[in-house]
Amino acid sequence: MDQDLDQTLGAVGPRLRALRRQRDTTLADLSETTGISVSTLSRLESGARRPTLELLLPLARAHGVTLDELVGAPPTGDPRIHLRPITRHGMTMLPLTRRAGGIQAYKLVIQAGSRPAEPDPRTHEGYEWLYVLNGRLRLVLGEHDLVLSPGEAAEFDTRVPHWFGAAGTEAVEFLSLFGRQGERAHLRAAPRRNSQPGSSDRG
């Protein structure tokens with residue numbers, strides 16, 4: 001990993017602490033909102049824990065900022081939007097919006113050949129809408145275990161324990177719209193439930 005990226009990630013901790021203090025939010029409050037443990041949040045702010053995509057996304061949502069703002073991407077002075085993809089653990093996320101607040105849009109790609117991850121459902125404040133472009137996306141939502149194919153969508157309250165990942169080893173491309181509590185996408189589409197052979201019992 002190049003030195004510039006290391007420096008960028010190293011500056012995330014102080015920025016997270018400043019954002020939290022500006023909003024007069026405790027670590028416990030932020031933990032409840034994001035589903036990230038207090039100890040992990042504390043280590044992120046101190047620089048003892050390296051930020052990952054899985055941690056940065058809910059934190060950006062909780063603070064109402066874009067990922068570029070969270071990692072301190074410098075302005076270019078160019079009126080065109082320069083979107084910077086972030087890749088972690090076989091998943092690439094491309095932010096499609098830059099404004100803070102309101103509904104945020106992202107394109108996510110799970111790379112081909114990635115080993116299907118074990119579901120680890122999380123909860124946080126907000127509402128999310130997913131639309132699959134290519135591949136098959138597995139969505140674990142509460143007691144439901146669904147597989148979404150291209151053209152299918154799901155919409156859900158993120159206070160319900162949820163997780164998503166590739167249903168197999170092929171690449172998956174999908175769109176995500178996320179809003180704080182009460183903000184929903186205007187398009188509502190319910191996915192058909194697909195059986196998934198060999199899916200494990202989540203207990």
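Here are legends for several close-up views of this predicted model.

In this predicted model, local features need pLDDT of at least 70 and side-chain atom pairs count only at pLDDT 80 or more, while totals for chains, interfaces and linings use all residues. Residues are numbered from 1 along each chain as its sequence is written, and side-chain values use heavy atoms, with hydrogens and water left out.

**View 1. Confidence along the protein.**
Let's start with pLDDT, the predictor's confidence in each residue, from 0 to 100. Its mean over the protein is 76, and 71% of the residues reach 70 or more. Helices (DSSP runs of H or I, at least four residues) and strands (runs of E, at least two) are numbered from the N terminus. Confidence is lowest in helix α1 (residues 3–10), with a mean of 58, and highest in strand β6 (residues 144–148), at 95. Please look at residues 185–203 with care: pLDDT stays under 50 there. For that stretch, the model has 39 contacts (heavy atoms within 4.5 Å) beyond four places in sequence.

**View 2. Helix α2 crosses helix α4.**
Two packed helices are described by the angle between their axes and the distance between the axes. Here the axes of α2 (residues 12–22) and α4 (residues 38–46) come within 6 Å and cross at roughly 115 degrees. Axes are lines fitted to C-alpha atoms, for helices over the stretch in contact, and angles run from 0 to 180 degrees between N-to-C directions. From α2, the contact is made by G13, P14, L16, R17 and R20; from α4, by L44, E45 and S46. These residues divide into 3 nonpolar, 2 polar and 3 charged. In this count, Ala, Val, Leu, Ile, Met, Phe, Trp, Tyr, Cys and Pro are nonpolar, Asp, Glu, Lys and Arg are charged, and the others, Gly among them, are polar.

Buried means under 20% relative accessible area, exposed means over 50%, and partly exposed lies in between (1.4 Å probe, protein chains only). In α4, the buried residues are T40, L41, L44 and E45. They cover an arc of only 135 degrees around the axis, which puts them on the same side of α4. The arc is that of the directions from the helix axis to the C-beta atoms. Packed against these buried residues are α2, α3 (27–34) and α5 (53–63). Just after α4, G47 takes a positive phi of about 90 degrees.

Turning to α3, its buried residues are L27, L30, S31 and T34. Seen down the axis, they fall within an arc of 105 degrees, so they line one face of α3. They pack against α2, α4 and α5. The residue that follows α3 is G35, with a positive phi near 80 degrees.

**View 3. Helix α5, mostly covered.**
Of the 11 residues of α5, 10 are buried. Among them are L53, L55, P58, R61 and H63. After α5 comes G64, whose phi is positive, near 70 degrees.

H162 sits in strand β8 (residues 162–166) and is buried, with a relative accessible area of 7%. A polar contact is a pair of N or O atoms within 3.5 Å; within protein, one must be able to donate a hydrogen and the other to accept it, and residues adjacent in sequence count only if both atoms are side-chain atoms. Beyond four places in sequence, H162 contacts residues including D120, R122, E128 and F156.

**View 4. The loop between β6 and β7.**
Two residues of this loop are shown, E152 and G151; β7 spans 153–157. E152 is buried, at 9% relative accessible area, and a polar atom of its side chain lies 2.8 Å from the backbone nitrogen of S149. G151 is partly exposed, at 46%. The C-alpha atoms of G151 and L133 are separated by 6.2 Å, although the two residues are 18 apart along the chain. Leaving aside neighbours within four places in sequence, G151 is in contact with Y131 and V132.

**View 5. L139 in strand β5.**
L139 belongs to strand β5 (residues 137–141) and is buried, with a relative accessible area of 0%. L139 and F164 lie 25 residues apart in sequence and 4.5 Å apart in space, C-alpha to C-alpha. Other contacts of L139 beyond four places in sequence include L130, L146, F156 and W163.
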